Amino acid sequence: MTATSAAAATLATVHGYPRQGRDRELKKAVEGYWKGTVTAEALLTTAAGLRRENWRRLAEAGVREVPTGDFSLYDHVLDTTVAVGAVPARHRAAVDADPLDGYFAMARGTQDAAPLEMTKWFDTNYHYLVPELGPGTAFTANSGKAVGELTEALAAGHAARPVLVGPVTYLLLAKPAPGAAEDFQPLTLLDRLLPVYAELLADLRAAGAEWVQLDEPALVQDRTPAGLNAAARAYRDLGALTDRPKLLVASYFDRLGEALPVLAKAPVEGLALDFTGPAAANLDDLAAAGGLPGKRLVAGVVDGRNIWINNLERSLATLATLLGLAGRVDVAPSCSLLHVPIDVTAERDLDPQIARWLAFARQKAEEAALLARGLREGTAAIAGELAANRADLASRATSPITRDPAVRARTAAVTADDARRTQPYPERARAQRARLGLPLLPTTTIGSFPQTTELRTARADLGAGRIDAAAYRERMEAEVREVIAYQEKAGLDVLVHGEPERNDMVQYFAEQLTGYLATRHGWVQSYGTRYVRPPVLAGDISRPRPMTVDWFRYAQSLTDRPVKGMLTGPVTMLAWSFVRDDQPLADTARQVALALRDEVTDLEAAGAAVVQVDEPALRETLPLRAAGRPGYLAWATEAFRLATSGVRADTQIHTHMCYAEFGAIMTAIDELDADVISLEATRSHMEVAGELAAAGYPREVGPGVWDIHSPRVPSADEAERLLRTGLAAIPAERLWVNPDCGLKTRGWTETRASLESLVAAARRLRGELAG
């Protein structure tokens with residue numbers, strides 16, 4: 001096929017679409033099912049309606065091939081675990097008794113069975129449930145969900161392409177099941193898994209699938225020869241099947257690198273590649289590999305992870321080059337649109353000019369369709385749209401929102417000494433222990449306490465004008481009093497004010513800093529039914545006034561025990577926002593760090609002996625390829641130190657991280673130079689404590705002993721067992737006792753019971769250690 005004929009066949013498609021619905025209908029239905037107020041039939045009816053609505057909106061946007069199977073009640077990796085029959089032994093009875101309840105039991109756990117471990121999906125803020133596989137895992141095909149959703153789309157008149165997590169990525173994401181040897185490699189199960197994928201593909205073909213997409217994002221990471229050989233073998237075997245649809249192997253988030261020629265040579269009919277950000281290198285790599293003659297290329301030229309409008313002329317130039325490298329070129333976002341909000345037109349409060357800088361899922365689908373039209377019909381056919389796009393890009397580049405000379409001057413004046421504490425850690429530790437006077441195994445929480453319906457109602461009432469600021473403040477102060485009183489009664493040693501006034505750990509600060517924009521409806525799934533509204537970081541950052549000091553002062557006035565000042569760190573403020581793409585991330589991080597530095601020093605001046613600056617996103621933002629990591633970690637750790645290094649020796653700096661693989665950043669954790677770090681550890685059975693010990697980490701550590709993402713209430717015995725594991729790696733004088741994460745999503749009943757278990761376990765071990 002010539003480039004001209006390839007362009008004539010071009011269509012627009014997407015890898016996936018947000019699941020929640022415009023008003024988060026899915027969240028409400030799932031949580032209603034958990035509470036017993038929504039039936040299973042009603043939940044599934046809501047889900048089916050949302051799928052139909054997504055497909056309809058995609059078709060209206062000009063998408064001519066819609067994805068199926070990307071929709072999930074909780075997590076698409078968990079859906080894959082069900083599809084391949086890899087249910088953990090502890091959940092099999094529940095799944096056999098009721099597949100829907102068993103599905104949620106794997107996600108959330110029960111009082112008798114722990115959930116699957118949860119961690120970040122590559123370098124995004126989406127969390128997936130980690131498959132547990134062992135030498136005895138027996139895979140079985142369960143194509144019901146995949147076939148059912150394909151059948152729905154076809155019946156509605158759509159050309160549809162089922163999407164599955166690919167077999168190599170699925171195995172590379174998995175961990176050894178409990179009882180398996182620590183050195184067991186799930187990838188060794190590939191030959192056992194491929195026949196199950198063959199069954200799934202055959203079932204989808206029988207149901208009418210022309211194409212099936214197999215997502216292999218794990219191949220954009222640095223892979224060993226064994227991993228590359230596994231990919232070659234997997235697609236050699238699947239490609240050789242006779243009873244299958246056409247195969248589209250998809251990657252995203254970075255360049256494929258050494259995996260590109262492997263997949264280009266595989267007997268599959270198409271590849272989907274990312275051509276945005278660092279993955280732009282795929283263009284040259286594809287040319288060097290000889291292109292994809294006779295094959296389909298789905299070109300991800302629209303950024304699927306950020307919300308800025310596309311540079312249409314630049315994307316058309318990329319697509320024009322790609323036309324000469326493949327048999328057919330289709331246009332798509334770079335990855336699933338799961339990672340962006342649904343529709344910017346819902347944001348009625350944004351300045352209309354600023355809104356024109358933004359593209360959410362619906363607009364990104366429209367951009368892909370417009371680019372496909374430009375390829376098919378020529379640029380003259382979309383001349384008006386191109387001119388409007390040029391004007392919008394120029395408007396953003398020249399806007400005073402994006403540049404503040406005072407901020408830039410302050411940032412340019414930063415020196416290396418500004419990002420270092422003046423005293424070494426041993427000296428600080430002595431001063432802090434003398435000031436705080438804490439017992440062995442001190443107990444604390446991470447920061448937030450339950451965000452009750454009453455708190456959310458008060459916040460909504462304030463926004464709607466039903467109560468004034470004074471009434472709102474009174475309601476929040478009452479909550480702080482209750483939280484402080486409870487913590488004192490429970491016996492916690494270092495307290496928090498509970499953050500009742502905060503809507504979100506990033507949004508709360510973004511609303512008080514210059515350079516940020518807030519949305520009303522920009523919800524994005526973080527995990528399960530947990531949705532966040534990432535703010536838009538559009539311009540230079542500064543702090544006009546203190547953000548948390550008054551709340552700290554009030555909380556500390558209620559108790560003689562130390563209350564932590566609570567802030568969100570600079571890397572997390574970037575990672576959990578839609579960050580500007582018109583300057584290096586390091587420059588933006590330094591601006592945020594300086595704003596936070598002002599807040600930290602103000603908290604110290606107000607009497608805070610402990611200030612916690614959370615950086616849960618430090619690991620998730622790590623570049624997927626090793627070559628990019630040293631540079632990232634250098635500016636990321638510098639930004640944290642810049643935010644926290646302006647305090648005295650006896651002021652204790654804490655940080656917190658959760659739900660990530662920490663092994664790859666042990667050196668960076670040390671480089672933060674925090675006095676205390678708390679980390680998620682429950683689902684991974686205190687794995688991080690051993691990793692820190694092996695790395696020689698010299699400071700204080702609080703590995704979590706309560707999994708707050710599950711409704712399970714741990715017993716004191718469970719907490720004690722975890723603490724004993726922690727003590728085997730971390731000396732008692734450096735070990736803290738805390739939950740995995742903040743308690744915002746938990747209810748008060750389980751919070752009280754769980755914290756009482758935590759405190760009881762700490763007291764038991766204190767008594768034992770003292771004796």
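Guide: A helix here is a DSSP run of H or I that is at least four residues long, and helices are numbered from the N terminus. The model is a predicted one. In it, Pro630 belongs to helix H25, which covers residues 629-644. Pro630 counts as exposed because its relative accessible area of 56% is over the cut-off of 50%. Ala668 is 38 residues away from Pro630 along the chain, and the C-alpha atoms of the two are 9.4 Å apart.

Strand S19, residues 676-679, runs parallel to S20 and is joined to it by 4 bridges. Within that pair, Leu679 is opposite Pro703 of S20.

Another open sheet is built from 7 strands in the order S1-S5-S7-S8-S9-S10-S11, again with parallel pairing. Leu248 faces Gly270 of S9, standing opposite it. Helix H15 lies across strand S10 (292-302) and S11, and runs at about 150 degrees to S11.

Now the nonpolar side chains. In soluble globular proteins, such side chains tend to be buried together. In this model, the largest nonpolar core holds 113 residues, and Phe139, Tyr170, Leu319 and Leu322 have the most contacts inside it. Leaving aside residues up to four places away in sequence, Leu322 touches Phe275, Leu283, Leu286, Leu297, Ala299 and Val329. Another core, of 100 residues, lies apart from that one and includes Leu622, Cys658, Ala681 and Leu722.

The charged pairs follow. Side chains of opposite charge can pair when their charged atoms come close. The model has 69 salt bridges. One of them joins the side chains of Arg22 and Asp343, with 3.1 Å from N to O. Arg22 is in the loop between helix H1 (3-8) and helix H2 (25-35), and Asp343 is in the loop between strand S11 (326-333) and helix H14 (352-355), so this pair ties together parts that are 321 residues apart in sequence. Arg22 is partly exposed at a relative accessible area of 34%. Asp343 is buried, because its relative accessible area of 4% falls under 20%.

A second pair to look at is Glu385 with Arg373, a salt bridge whose closest N and O atoms are 3.8 Å apart. Glu385 is in helix H16 (residues 383-398) and Arg373 in helix H15 (residues 361-377), so the parts tied together are 12 residues apart in sequence. Glu385 is partly exposed, with 33% relative accessible area. Arg373 also counts as partly exposed, at 29% relative accessibility.

A further salt bridge links the side chains of Arg712 and Glu718 at 3.3 Å, N to O. Arg712 counts as buried at 15% relative accessibility, while Glu718 counts as partly exposed at 24%. Salt bridges with shared partners also join Arg396, Arg408, Asp540, Arg580, Asp581 and Asp582 into one network.

Lys120 is in strand S2, residues 118-120. Lys120 is buried, with a relative accessible area of 7%. The side chains of Lys120 and Asn125 are joined by a polar contact of 3.4 Å.

To return to the request: Pro630 is in helix H25 and is exposed.

Conventions. Residues numbered from 1 in each chain as written. Predicted model: local features only at pLDDT ≥ 70, side-chain atom pairs only at ≥ 80, totals over all residues. Heavy atoms only, no water. Pairing = 2+ DSSP bridges. Helix = DSSP H or I, 4+ residues; strand = E, 2+ residues; numbered from the N terminus. Salt bridge = Lys/Arg side-chain N within 4 Å of Asp/Glu carboxyl O. Buried < 20%, exposed > 50% of the residue type's maximum accessible area, 1.4 Å probe, protein only. Polar contact = N/O pair within 3.5 Å; in protein donor to acceptor, adjacent residues only side chain to side chain. Core = buried A, V, L, I, M, F, W, Y, C linked by side-chain atoms within 4.5 Å. Contact = heavy atoms within 4.5 Å. Axes fitted to C-alpha atoms, helices over the stretch in contact; angles between N-to-C directions.
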